[in-house]
Structure formats: structure tokens, C-alpha cells
Amino acid sequence: MNNSRIYLSLGLQSGFEKEYISKSFEDNWITSGGPNVDNFEIELKNYLGENSFVTALNSGTSAIHLALILLGVEKDDEVICQTMTFSASANPILYQRAIPIFVDSEIETWNICPENLEIAIKDRIKKGKKPKAIIAVHLYGNPYKVDEIHAIADRYQIPIIEDSAEALGSTYKQKKCGTFGSLGVLSFNGNKIITTSSGGALISNSKKVKEKAIFYATQAKDNEVHYQHSEIGYNYRMSNICAGIGLGQMKILNQNVIKRRENHSFYKEIFKNIKAVELFEVLNEDYFSSYWLSTILINSENPNKSREGLRLALEAKNIESRPLWKPMHLQPIFKKYPYYGKNTAEILFQKGLCLPSGSNLTTDNKDRIKEVITTFFK
Ligand SMILES: *Cc1c(COP(=O)(O)O)cnc(C)c1O
């Protein structure tokens, strides 16, 4: 057995990526936007469904920022955001000088809690401002409670930005994640289910919104012969080289989902007889998770069998694992903003660990991981 580092979440290559890149060099399309970008958008549309309009961008973070802009979020507006998430979900709220309002998770999907969401909406309205948008996240590939969350948002007529950065390939009631929100967000960062090295996409349900997204993503040029600008623009379009990687990656998206789910089954087998550990599993058949990352909670009173203990034991064997996302309302940058909830996200953060889940895990890698875990809990 070798001792090379096992990373938390790396991908695979189909082998076609370089062909698409070479073609763009041959055709001199070394550009922002271009034929690969157009074709990548078409393939994503075909994957997600006819009614989705996809704008390929240079990151998932850019997609969230543009989503806020398209929904008219401005200075001092309030935007609700799931507290348990990666900071990229919330940072763009501050780019707009708007105010994030954080909401706790529930314990069944680890995502935004319907009860606390409604409490937050009511209280913000009572205090004088109706939130402009809700950012809900499918963490680790696991769909949030789509029906319940969207029913609340509809009741108060607040649009949802669906952060599906971690959930391309997951579905809720057979419908693809990324297609539920007023606007959906995907990420193709190097650690996600498919990669373009860096990249993202904004999903909408109209051609008009897509055109507006491209307008903002390409410096907001007015319809004039000369360069004329009436609005703030951004340089957020995906590069044609990156889209070439994306086209190659689309060939293995389904295979990657299968591999990530196999990783989850591998962990299920290991933890079957370890009482202190709870492997996250979806609630019922409505939820289909890519299990982008396999995650566990360690419910142990014994300090030698703690989350941090297991993390260090894995690290000692050159195996990467990570605590769950630290909730946003506990982050120094976001501490001063309102928070609605109890301590569900905090408890998840204290007990939770993300295990190596790359599409590239080999049998040899899995043997090493299993050895550490079973020894640790012996
Ligand atoms: C990765 C990620 C993003 C940001 O995507 P980038 O492409 O890295 O900018 C946003 N939200 C969540 C939940 C993510 O995991």
C-alpha cells in the first residue's frame, strides 16, 4: 500500500477534455465565451430539462452574485440565507451591501429549516422589511425540503435562489436540483461533481433572464456601436477553454454520481456496526442524493472517540477529512447579522465530519480509509 495523500474530493477525467481544448486552440477561440461555452450550456440544458436556460460563468460565486442583481437586491435590502453553508453562498449579499439574515438547519436534511424560515420572514416583515430573496442550499448533494421551503416562499412571494453548487446530479421527486428556484446556481470548481477547473452556471426559466445575465456578466454594454454603459457590469463569463473541460466532463457526470454513491455505500458498510457514528442518509425516496460528500455525525461522550480524534487519525495516515461547514452566523465576518434558529447547525458543526469522497477513490484508497476508521473505533 502506498502512502500518497487521499484528498477529500477530487474528480476524474473522461479524456475528451483535451480534445475540446485543442479544438479551441486550432480555431483560435481562446476567448471569454465562444463555441464551447454555447455547447456546454446546451448540454447542461439537455441534462437539466427543456425549461432551463443556462448561463455559463467563471464561478458559482459569480452566479450567486448575478442572481442577487437580477432579483434587484440593493444596499440595505435583506436576504435570507441558510446559515449552514460555504461562505460563497453568503458573501455576494455583502457585495451588494445588502443585509444577510441567517436561518438554522433542520436535522433531517441538514438544510434550511421551514419553521425557522417562516419565523424569520414574519419577524423581518414585522420589523419593517420584507426579505428580497431566500438562498437555500442543497448541502453535500442532499436536497433541502423543497416542497415545504417553496410553499413558504410562495406564500410570502419571496423568490428563492437555489444554491445547487454541491448538488448537480441530485433530484427531488425525480426533478433535477438546480431547477426549483426562481434562479439556480451550479459550481464547477475543482472539488465539485464535475469541474471546469473553475466555473459556475446560473439557471433560469426564461430566455430573457438568460440574456440579462449575459449582459451583466459581460460588462453591461448598452446596445450601441461604441462602448456605452448605463449599469454596473461584471467580467463573469466562462472562458471557452474552461467550457471545453466542461464538455469533456459532461461525458462522465452520470458515472461520477454512481461513484460518489458507491463511496457512500462503502461507508455505510463500515459504520453498520459502529454505534457512535451516524452516516447521513436521505429521508425517503423523494430525495435522491449524489452524495457529493459522504458525511457522518459522531455521537460519542468519549473524548478519544471524538470527531477531531478521527480527523487526526486519518490525517496521520495522510488522509484528508474536514469538519462540516462552520455556520455563517458564527463566522467573524457575519457575526453581527440577525440569526433565527436554535443550535441545530452548531451541533452538526461540532459533531460532523466530511469523509474522503472523490470520484477517483481507488480500492487501495478505500482499504486505507477503512483500516484507520475500524482501528479508531475498536
Ligand atoms: C462551491 C460552492 C459555491 C461556490 O462555487 P465556486 O464555483 O467555488 O465559486 C457556492 N455555494 C456552495 C454551497 C458551494 O459549495
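Okay, let's start with a pair of helices: α9 and α12 cross in a right-handed way (right-handed means the near helix is turned clockwise from the far one by less than a right angle, left-handed means anticlockwise). The axes of α9, residues 253-271, and α12, residues 363-376, come within 11 Å and cross at roughly 30 degrees. That makes α9 and α12 roughly parallel (angles under 35 degrees count as roughly parallel, over 145 as roughly antiparallel, 65 to 115 as roughly perpendicular, and the rest as oblique). Axes here are lines fitted to C-alpha atoms, for helices over the stretch in contact, with angles from 0 to 180 degrees between N-to-C directions. Helices are DSSP runs of H or I with at least four residues, strands are runs of E with at least two, and both are numbered from the N terminus.

Quick caveat: this is a predicted model, so local features need pLDDT of at least 70 and side-chain atom pairs pLDDT 80 or more, while totals for chains, interfaces and linings use all residues. Residues are numbered from 1 along each chain as its sequence is written, and side-chain values use heavy atoms, leaving out hydrogens and water.

α5 passes α6 in a right-handed crossing.

Now, pockets. On a 1 Å grid over the protein atoms alone, a pocket is an open set of points where a 1.4 Å probe fits, with protein on both sides within 12 Å along at least five of seven lines; lining residues have an atom within 4 Å of a point. Points are joined across faces, edges and corners, and volume is the space filled by probe spheres set on them.

Where does the largest pocket lie? Domain 1 (17-250) and domain 2 (253-376) both give residues to its lining, so it lies between them; the bounds come from an automatic or database domain assignment. The largest pocket holds about 500 Å³ and has 31 lining residues, with Phe-86, Asn-189, Asn-191, Lys-192 and Trp-325 nearest its centre. α3 gives the most to that lining, 3 residues.

The second largest pocket has about 150 Å³. Its lining includes Gly-11, Glu-17 and Gln-249, and α1 gives the largest share, 3 residues.
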